[in-house]
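Visitor: I would like to learn how to read a protein model feature by feature. Could we go through one together, with the general idea given before each case?

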Amino acid sequence: MIHFVTQMSAITTIGAFFLAWLLVWIPIAIPLAILLKWRPFTPLAPSQKLPLLASLYAIVPLLLWGFAALQQQPFEQYGLRWQGSLFISGLGGMAIALLGLTLLFSLQQWQGWSHWQIAAIKPLGIAILPSFLIGLWVSGTEELVFRGFVLNQLLFGLPWWGAAIVSSVIFALLHLVWEQQETIPQLPGLWLMGMVLVLARWADDGILGLAIGLHGGWVGGMISLDSVQFIEYGDRAPTWFTGIGNKPLAGLGGILLMALTGGVVYGIGNFN
């Protein structure tokens, strides 16, 4: 059995992982969906999405441990090594992400395309801690899966750039599972985000600290701002820049932010 799993192609192994993930989750998801009064293929309210997401992501560490054991590899191969550099890189990545978001929204404010709601500063301060805890948990899980497991499997037969492209396509497309209408315009931005996060793992010598920090900073920052509606967009806001539905990754602004961040991360990698 171990020999068979080890010899499986990368795509087959990745497919087997996602199938196992789904099969383990379904018995949990069905009663939870009934409890939350959610029907498949209907939009998810935030109060419904978080419990479903939590139940799905809680399975990941056990599944990845099982696949690592079948492949006779240590769990640390996925880039999650519990050492000081992991946390230092994570903090650095979060700082870069928050600085990038600040620059993006400051540019939009300067152009008169959006306005900061000063009255929302106090609620924003209250929302920051839970938002970033959620952001780090979601980001850490997704980094383990996509920049850890998926990337590792692809690297068995592809160079880094090839594995980066394919893993980022998988990362982007799987976001369609939760939302379709809002996600489709974000697919190019999500793909580029995946590429930047692969670059972050390379720059961090194979550790996921920098990638988790960047991802967590973006997710936590956006959750914080959206939860208190801190950014208000004006009638002059060009959708091509601010993003369709005010989603940064669905516009040029988010694309430029990813490109700029990629340049910074590449510089960090060369410096190291």
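**Reading the model step by step**

Guide: Gln153 counts as buried, because its relative accessibility is 2%, where buried means under 20% relative accessible area, exposed over 50% and partly exposed in between, taken with a 1.4 Å probe and protein chains only. This is a predicted model, in which local features need pLDDT of at least 70 and side-chain atom pairs count only at pLDDT 80 or more, whereas totals for chains, interfaces and linings use all residues. Residues are numbered from 1 along each chain as its sequence is written, and side-chain values use heavy atoms, with hydrogens and water left out.

Visitor: Where is Gln153 placed, and which residues is Gln153 in contact with, leaving aside its neighbours within four places in sequence?

Guide: Helices are DSSP runs of H or I with at least four residues, numbered from the N terminus, and Gln153 belongs to helix 6. Contact means heavy atoms within 4.5 Å; apart from neighbours within four places in sequence, Gln153 touches Ala10, Thr13, Ile14 and Gln71. Thr13 is 140 residues from Gln153 along the chain, yet their C-alpha atoms are separated by 7.4 Å.

Visitor: How many salt bridges does the count come to?

Guide: A salt bridge is a side-chain nitrogen of Lys or Arg within 4 Å of a carboxyl oxygen of Asp or Glu, and by this rule the count comes to two. In one of them, Glu143 pairs with Arg147, with the closest N and O atoms 2.7 Å apart. Glu143 and Arg147 are separated by about one helical turn, because they are four residues apart in helix 6. Glu143 is buried at 0% relative accessibility, and Arg147 is buried at 0% as well. Glu182 and Lys247 also form a salt bridge, at 3.9 Å from N to O. Glu182 lies in the loop between helix 7 and helix 8 and Lys247 in the loop between helix 10 (239–242) and helix 11 (252–271), so this pair ties together parts that are 65 residues apart in sequence.

Visitor: What is the nearest side chain of opposite charge to Arg201, which is buried yet has no salt bridge?

Guide: Lys and Arg count as positive and Asp and Glu as negative, while His and the chain ends are not counted. For Arg201, the nearest side chain of opposite charge is Glu143, 8.2 Å away. Arg201 sits in helix 8, and its contacts beyond four places in sequence include Arg147, Leu151 and Asn152.

Visitor: How does one check the span of helix 7?

Guide: The expected span is 1.5 Å times one less than the number of residues. Helix 7 (residues 160–173) has 14 residues and should span 20 Å, which agrees with its end C-alpha atoms being 20 Å apart. Among its buried residues are Gly162, Ser167 and Phe171, and what covers the buried residues includes helix 2, helix 6 (121–155), helix 8 (187–203) and helix 9 (209–227). Helix 9 itself is mostly covered, with 15 of its 19 residues buried.

Visitor: What is the phi of Lys37, and is Lys37 buried or exposed?

Guide: Most residues other than glycine have a negative phi. Lys37 has a positive phi near 60°, and it lies in the loop between helix 2 and helix 3 (46–57), where Lys37 is exposed at 75% relative accessible area. Asp205 likewise has a positive phi, near 55°, in the loop between helix 8 and helix 9, and Asp205 is exposed at 58%.

Conventions:
Helices (H or I, at least four residues) and strands (E, at least two) are DSSP runs, numbered from the N terminus.
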